[in-house]
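Have a look at the structure first, then follow the points below.

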Amino acid sequence: MAFLFQKFQEAVKVLAQSPTFARHPRQLQFETDINRLFMYTSYNCLGSDAEESDAEQIIEMAGKASVSDQQKQVQENVHSQIISFCSFMDQILLKDANKKSQGPVDSPALGPAQQRSGLSLAVGKSGQPSRHPGTPLLLLLYHPIQRTAIPETRPLKLAEVSQSIKDLLGYTLAVKPSEIPHEEAGQGLFLDGEAEVGSVIAFYPGVVYSPAYYRYIPGYPRVDAQNPYLITRYDGNVINAQPWGLGGDSRDVWTGSITRDADDRKMVPGKEEGSDRFWRILSKPLPGTLRGNLVDVIERRNPLAFAHFANHPAQGMEPNVMICPYDFPLSESELRAYIPNVQFGGSEEFRMKRFGSFWFKLGSGGPSNPILRTLVLVATRALCNEELLLNYRLSNSKRRPAWYSPVNEEEDRRRWS
């Protein structure tokens, strides 16, 4: 298998430079990433019994198939792995996987405190993320009278579920002090166990905002000023992982409520520069709620829902995971509880067009089969008991923190062109 993977790695480098890709820099980078994901996830599907002819066939397909076809195949490859993961979770948590008991829903529980880590380094803020007294309650509103059916689950803690998934899947995740040699590294994300290249390693949890709802993001327009756990897909959807924190110990209706410390400690403000004060004064996010999501039953004990704690590699180190867009089909309700995301604004979709840095609404409409646009992390090589490193690709048009060492400057430029 090592020989076959070496062939794949060489093919990834060659195809990334292919002139058949789009000429627009941003689209070029998107297509390059899809091509890599096609290679990695397809390689994962081969399994341990793969033959050289199988690998060569995938490499040939990667060079000839359209980006659209490759994108569809990536979705199928990732979805297949997520189905397996959900099956394992059912096996661990459901008392009877074929017969789900029903019961009333209590108010959403507040999860444990969040810890500064991962993407928090991208903005260089200090202190623990929690709701500032001046933050609008747009993510804290829920209806305690709402009732819905929730399967009866075993009373296991997140740590117990994590150990069980490792026994079945071969790996789980752990959040602990990073090994990155920098004083601001903070907490990092570690793989506990072994995973093959192309494996879905982690979910990026939280609230998903389409471009039509940007103004509802807390802190708008400087949404990253007090929130280090934001990430953007190529299609413009923003995922805010701050409300998820470190998950929880129950399956319940989750509205995207921001987690808080047990004693509700206030955020410790970092050093605020003049431009930060200016944007804070102008910051006026629109009030709103996660309407349409009050029946989203989410399993907070998902042991893989920690992608937001992955750190950027230090100078001389290489990333070992990459971002993969994953569109979860909402029609597959049996799997819904294990997708750690909720859509702001409900299932209503709008057709949007981008002009430079701005998005314009062209009208309502979306796919006939509703989807939830999320992100997962995919392994770019075989992993074994090590820290997970993700290329942040910070924009070179903004001031980068001192710890940031670009993995590939050209890719950074293309990503944000």
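Let's begin with an open sheet of 3 strands, in the order 3-13-9 with antiparallel pairing. Strands here are DSSP runs (E, at least two residues) and helices are runs of H or I with at least four residues, numbered from the N terminus; two strands pair if DSSP finds at least two bridges between them. This is a predicted model, where local features need pLDDT of at least 70, side-chain atom pairs count only at pLDDT 80 or more, and totals for chains, interfaces and linings use all residues. Residues are numbered from 1 along each chain as its sequence is written, and side-chain values use heavy atoms, leaving out hydrogens and water.

- Strand 3 (200–203) and strand 9 (321–329) sit at the edges, each pairing on one side only.
- Neighbouring strands are turned by 40° against each other on average, ignoring direction (axes are lines fitted to C-alpha atoms, for helices over the stretch in contact, and angles run from 0 to 180 degrees between N-to-C directions).
- Strand 9 and strand 13 (residues 371–379) run antiparallel and are joined by 9 bridges.
- In that pairing, Val321 stands opposite Ala379 of strand 13.

**Helices on the sheet**
- Helix 2 (residues 25–46) packs on the sheet and touches strand 9 and strand 13 (contact means heavy atoms within 4.5 Å).
- The direction of helix 2 makes about 85° with that of strand 9.
- Helix 4 (residues 67–93) lies across strand 3, strand 9 and strand 13, at about 80° to strand 9.

**Helix against helix**
- Two packed helices are described by the angle between their axes and the distance between the axes.
- For helix 2 and helix 3 (residues 52–64), the angle is about 160° and the axes are 10 Å apart.
- That makes helix 2 roughly antiparallel to helix 3 (the label for angles over 145 degrees).
- On the helix 2 side, the contact includes Asn35, Phe38 and Tyr43, while helix 3 brings residues including Asp54, Ile58 and Met61.

**Two more pairings**
- Strand 4 (residues 206–209) runs parallel to strand 10 (residues 341–343), joined by 3 bridges.
- Val208 stands opposite Gln343 in strand 10.
- Strand 4 also pairs with strand 6 (residues 238–240), in the antiparallel sense over 3 bridges.
- Here Tyr209 stands opposite Val238 in strand 6.

Terms used:
Parallel < 35°, antiparallel > 145°, perpendicular 65-115°, else oblique.
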